[in-house]
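Colleague: I have a model open and would like to learn how to read it. Can you take me through the features one by one?

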Amino acid sequence: MTIRQLSIFIENQSGTLQRVLELMKKSRIQIIACTIADTAEYGIFRIICSEPDRACSELKQAGVAVAISDVFAIELDNQPGGAADVVGIFSEAGIGITYMYAFLLNGRGIMIFRTDQADAAREAIVRGGLHCLTEADLPTHI
Amino acid sequence: MIWNPNKECMSREQMRELQGKRLHKIVEYVYHHVPFYRNKLQEMDLSPDDIRTIDDIVKLPFTTKKDLRDNYPFGLQAAPADEIIRIHASSGTTGNPTIVGYTRKDISVWSECMARCLTAYGVGRNDVFSVSYGYGLFTGGLGAHNGVETVGAAVVPASTGNTEKHARLIRDLGITGIACTPSYALYLAETMERLGITKDQIKLRVGAFGAEPWTESMRTEIQDRLGLKGYNLYGLSEIMGPSVSYECSEQHGSHINEDHFFPEIIDPVTLEPLPVGQTGELVFTTLTKEGMPVLRYRTRDLCSLLPGECPCGRTNVRMSAIQGRSDDMLIIRGINIFPSQVESVVLSMPEFAPRYLLVVDRINNLDTLQVQVELRQDYFNATLDTPAAIDELSKRLAAKLKSVLSIGVKVQLKAPGTIERSQGKSTRVIDNRKLF
């Protein structure tokens, strides 16, 4: 029900994002979605990509602070209120959303969620009839 | 004015004779009361009878900060516990602070020495004097306080903090003198300007500045902005506290209370005494201390002793301004900080790599300390992938550092491998203050 996401600690300095992206380019890893949670001094660069395991180990080898976590990738109804309905299912179940970001895949809106209660989230997703992407749904290579 | 011409204006011969007598006495005293010194002297095949004149001091062993730390808390105390009436503590390098106990006579000598300082600055019975060193374990506050009471001025124990209230008190009480760190004086000047308190509304005329190194340009700025004359006040808790030496109206070198604290300048590498006028490490022997006397204590402060007579009439020797340190100690807001203290905290947290960088700045006349540490790559995991989790981690480090260093620290987390590997001690510290 979940997909793997890379989280990378980068300093808020010119060149640090570029370095990570160059490493991924060299390893032929495709980025499917990404976002940065930024603060004044650093950022957490979160990435959905092809071959997350290989990406993680190659970044680690290059000395990058990177971790893998499991996140929900939920497909939205392509109509007004689609996002509200998904988030509504979580809040009704009293599940906190740690962070969220969204991207388009083949014209469909996908929302990535990390929650503080993964098991309760699974139940709510099943109960709410939401469709979660698996890694098999993602483009694997260019 | 001179508080005690009998001691401050002694002929050199009389002074050396007095110092010699006192040195013999103190060596005999520690030999019989402090096993640490007895063992040291015995190892060197020395007995108190070998120390007859002040020139014999070169035969004696040195005492270091490490010795004080190793003998924590009371190992170097010479007086029996019931004779001790006050205990101060200064920051230690690896957790153990330096403990200094004072007997009633020590406090009385301290007050006398401090009175000499204040009198040299022109402070007397008619002054209202604010002590703005921290009151507490640090010797600055209470040390200066006793001296102000001794000369008979009215002491205002302002301590540190609440600068706005303090600025108003300076105006409203007609405070004429202040003892504080030079950087605090500048901060105070700034606060007054912000509150619209002008120089002609205040009566400050004397500043006793110490506990951190300062420059002539700082002196000019403080004097100009607060409309007072600023004098150096030097001291260290291991020897006594503030009052070890003091500037006179000449503002050229600080007279040492050398009938109580005998100064030497040594080469910090060979440990050989250096001739007068040469710069080296300042070493003090307490000649009259009862609570915790020290023989040839290495201050790690670099300076020189000034040859020649002072036009003020005092004959006690002067030391130059401190020109640096022979170790890596930093003085930040009057607090002594060793990089090794930061290191021990960083090493105690597995989340961080054993590399760090201290960045010291002076922003708006207040010293700031930033500690840069690297996140350890293998410790970065999925639970750390939010700013809240990372911030919690750096707050935890900042809190630990604060409890060890006694000052607030700004922690900056760096990515793995971004702090240059240390080639020597100098690369662990970037001091942007340019104090020496």
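Modeller: Let's begin with the order of elements: read from its N terminus, chain A goes β-α-β-β-α-β-α-β-β-α. Helices (H or I, at least four residues) and strands (E, at least two) are DSSP runs, numbered from the N terminus. Keep in mind that this is a predicted model, where local features need pLDDT of at least 70, side-chain atom pairs count only at pLDDT 80 or more, and totals for chains, interfaces and linings use all residues. Residues are numbered from 1 along each chain as its sequence is written, while chains are lettered from A and ligands numbered from 1 in the order in which they are written.

Colleague: How many helices and strands are there in chain A?

Modeller: Chain A has 4 helices and 6 strands. Its radius of gyration is 16 Å, close to the 14 Å that the globule rule gives for 142 residues, so chain A is as compact as a globular protein of that length. That radius is taken over C-alpha atoms, and the rule is 2.2 Å times the number of residues to the power 0.38. Along the principal axes, the C-alpha atoms of chain A fill a box of roughly 40 × 35 × 25 Å.

Colleague: And what share of chain A counts as buried?

Modeller: For burial you count neighbours: a residue is buried if 20 or more other C-beta atoms lie within 10 Å of its own, exposed if 12 or fewer, and partly exposed in between, with C-beta atoms placed from the backbone. In chain A, 30% of the 142 residues count as buried.

Colleague: What does chain B look like in helices and strands?

Modeller: Chain B has 11 helices and 21 strands. A compact globule of 436 residues would have a radius of gyration near 22 Å, and the 23 Å of chain B agrees. The box for its C-alpha atoms is roughly 75 × 60 × 40 Å along the principal axes. Of the 436 residues in chain B, 48% count as buried.

Colleague: How do I read a pair of helices?

Modeller: Two packed helices are described by the angle between their axes and the distance between the axes. Axes are lines fitted to C-alpha atoms, for helices over the stretch in contact, and angles run from 0 to 180 degrees between N-to-C directions. Here α10(B), residues 339-347, packs with α11(B) at an angle of about 140 degrees, their axes 10 Å apart. That makes α10(B) oblique to α11(B); under 35 degrees would be roughly parallel, over 145 roughly antiparallel, 65 to 115 roughly perpendicular, and the rest oblique.

Colleague: Which residues of α10(B) and α11(B) meet?

Modeller: Gln341(B), Val342(B) and Val345(B) from α10(B) meet Lys400(B), Leu401(B), Val404(B) and Leu405(B) from α11(B). Contact means C-beta atoms, placed from the backbone, within 7 Å.

Colleague: How many residues do the two chains bring to their contact?

Modeller: 17 residues of chain B are in contact with 20 of chain A. On the chain B side, α11 (387-405) and β20 (410-414) are the elements giving two or more residues, and β20(B) gives the largest share, 3 residues.

Colleague: Last one: is Asp267(B) buried, exposed or partly exposed?

Modeller: Asp267(B) has 14 C-beta neighbours inside 10 Å, so it counts as partly exposed. Asp267(B) sits in the loop between β10 (261-266) and β11 (280-286) of chain B. Leaving out residues up to four places away in sequence, Asp267(B) touches Glu272(B), Leu274(B) and Gly280(B).
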